[in-house]
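Work through the exercises below with the sequence and the model at hand. Each task is followed by a worked solution.

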Amino acid sequence: MGRYILKRILISLATLLVLVTVVFALVRLMPGDPFSSEKMTPQVRQNLERYYGFDKPVLEQYLTYMGRLVRGDLGYSMKYANVTVNEIIAKAFPYSADLGLRALAIAVSVGLTLGVVSALNRKKPIDAVCVVVAIIGTSIPDFIMGYVLQYFFGIRWGLLPIAQYKGFAYTILPSVGLGFYTLALVSRLMRSSMLEVVQQDYVKTARAKGASRFRIVRKHMIRNAILPIVTVLGPITASVLTGTFVIESIFAIPGMGKFYVSSVQSLDYTLVLGMTVFFGAFLVTANLIVDVLYGIVDPRIRVARG
Amino acid sequence: MKRSLVVVACALALAATGCAPKAEKAEAASPKVFRFSYVSDIPTLDPQMGNSMPSATVAFHIFDGLTRMDNGAVKPGIAESWTVSDDGLVYVFKLRDAKWSDGQPIKAQEFEYGIRRLMDPAAASPYSFLGLLIENADAVNSGKMPVEKLGVRAVDDKTVELRLAYPADYFLGMLSMCQFCATRPDLVERYGKDFAATPDKNVYDGPFMVKEWAREDRMILVKNPNYWNADSIALDEIDILIVPDENTALAMFDAGDLDLVRVPPAFVEKYKDRVVYYYDGSNDFIKLNMASKGPLSDKDFRLALNYAVDRQDFVDITTKGLYDANPRYVLPQVAGVDAAYGTEYPLPGFGVRADVAKAKDHLAKAMARLGVADPSSIEIEFLTSDTDRSRAQAEIVQDQWQKNLGIKVVVKQVPYRQRLDMESKKTFETVFTGWAPDYSDPMTYLELWTSDSPYNHGSYRSAKYDEYVAFARKSTDKRARMDALFAAEKELLADGAIVPMQLRRESLLVNPAFTGVGTYFIGTNYDLVHADRASK
């Protein structure tokens, strides 16, 4: 087990190193540069390049960056002058994580329930309703969902705040807007997974043994059907927690998504890199945890992969 | 398995209730608070480093220059009086007894320090070109001269002397901009790169001071009790909220969460009885690259392009008539001698409507000279940014040029920063671009096109034009100077050096409970210094 985990960790670190290197090269290959502006002159550009160390060879810049990165220093942002990337992430991530966890809580709890109810009532009206919800959730893009929620609950009926993130009432609309897709996804997955489990011999055996319906669903069906959900939950958690530009924009939430998009638009090299490294580390860690969990949950996986 | 599910459920439940960012305290009932929004955060509050409208607008409220612009008029700021030498080159300012927000007296040495910092190559201000009219500024900024040689000097604690490379009446107005403001050397040294990064890492000498700044979220300004003219300030607080989505901002205004909002063109019709219009100074035009050997090097071809565009149709289609078609170059609102430049020097320019007959006439002359028989064999590239709006703009110009001239126009869309890069590297044929003024004088637009200007990406060369601008830079006779600038503008248009297109007119909604909300086209979007709320 120890060797299996160590190997996973080493692979994760190697992935991160490749990611940083590729992104470092890519941001510099993007056309234009962070200093481009209508009013830039060659003289001012020269001063700025010297100030940011861009007059040095790229390899030297890369080594300097890696040296700082190893110490956890992501450097100063260029667009948000005088602010370090660490500070930006430290302030923005809690918003994104808070919003993401709320969305995830709604998505997983409601999604699982809908999936189970739907599967148990197959081909009944309640199943049809659940299926429609799932289709709507997976086919409507989040910006439409965000605007629709904001328009009806915020503007038209005035039930909830229109935007910003200053207390519980403010979190409801963005969480629902953000979680809806995942909710639909989870309910669809759970439904099909449950339907598959119903066919299994062990369910038939349990039924033959005269176990109660509740006991069969709880102990035999849900426990087995939930495995595929655990699989997708790792990457979904990482992506939902690390911010979403669209929902954050619509509801004016100062999360990661907003900074990420603005950093790319303004070609803020250090911020693009820093946030990508953070996202990457987050995703790699989430996958690592899932891998390790698998190993614990199902020894066959550990043996096959380790 | 069961246990792990319970753990996950608990974690999720905890997350859903536990770690919400702190809720804001409810506002007290009485203070006069004015709230508006920006689509993205203020990039910096370091006075010498700002080079954007949001930075300048906040700086306008938290710093006070030697002078202060008040709705286009130059008023005393930290300087209570000044003298200008007869040759217009030496300015001497007498400072009043004013204090920083931390109670320290404001000293002439801090102006000297701030202005030196603007031009110091080691400080690398992106806006340093603004100060190039100061004596020795170019040599200092390019590192050829030590910063002490710059034409700024603290004569004593209360006297600042500034020397210019050439006379410029607009310099007094420029001095109201934060780039020329007093800056505290002790704080810059103490905080280094973190100077002005948070509200407590700088001090303020303007009507307001920064109380809170949450990046991409909000900035709270409160009245500065130490401001020398604090008695004249009615507002207690200005809240600047960051709302990236303009539709959301409009909804917040309707719900009473904002007191001022910009109305996107698509919604202007709906609010047209209530909106107020203002020109933000931005002037959009098409740059033509004359250095290429192709048709663009021919004056008649450039004039044909100018007469073939229908500017009125262009703004009607792309902005629903919100922006103004601009048949000339200089923004008419900038200062002339006694009144606005546009009033004193009217110019029909190319007209707002297309003049196809004239366009064809010029095209024929150009084709004869270029040895081209069929206009459809002429192909030019139109470069623009990759937004939807830019595409719409490009397609209209493409259509008008193709239809009215019979030439072929290829639209090329690239990301915004790549477009800027291509402009400065002169790797374009025609490009949709623009300019925002830095001071209220026609020179702010006209200085772009002299032969030695770093912004002359079209490689326009005209000895006559250079002469007019050079004369305007030397002259101390206001009328003769303005006449020369007008001659330069006419010369530029007669050469078809650019294709002027539109002046950006923005539309705002302002909460009617407030009075004295000003707008301006240079350095600040909104002027809330005299804003007040009728007491309820």
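**Exercise 1.** Find the handedness with which H4(A) passes H7(A), and describe the contact.

Solution. H4(A) passes H7(A) in a right-handed crossing, meaning that the near helix is turned clockwise from the far one by less than a right angle. Helices are DSSP runs (H or I, at least four residues), and strands are runs of E of at least two, numbered from the N terminus. The contact of H4(A) with H7(A) holds 20 nonpolar, eight polar and two charged residues. Here Ala, Val, Leu, Ile, Met, Phe, Trp, Tyr, Cys and Pro count as nonpolar, Asp, Glu, Lys and Arg as charged, and the others, Gly among them, as polar.

The model is predicted: local features need pLDDT of at least 70 and side-chain atom pairs pLDDT 80 or more, while totals for chains, interfaces and linings use all residues. Residues are numbered from 1 along each chain as its sequence is written, with chains lettered from A and ligands numbered from 1 in the order in which they are written.

**Exercise 2.** Which residue ranges form the domains of chain A?

Solution. An automatic or database assignment gives domain 1 (1–79 + 268–306) and domain 2 (101–265) in chain A. The C-alpha centres of domain 1 and domain 2 of chain A lie 31 Å apart.

**Exercise 3.** Describe the make-up and extent of chain B.

Solution. Chain B has 17 helices and 21 strands. The C-alpha atoms of chain B fill a box of roughly 80 × 75 × 50 Å along the principal axes. Of the 536 residues in chain B, 49% are buried (20 or more other C-beta atoms within 10 Å of the residue's own, C-beta atoms being placed from the backbone).

How values were computed. Buried ≥ 20, exposed ≤ 12 C-beta atoms within 10 Å, placed from the backbone.
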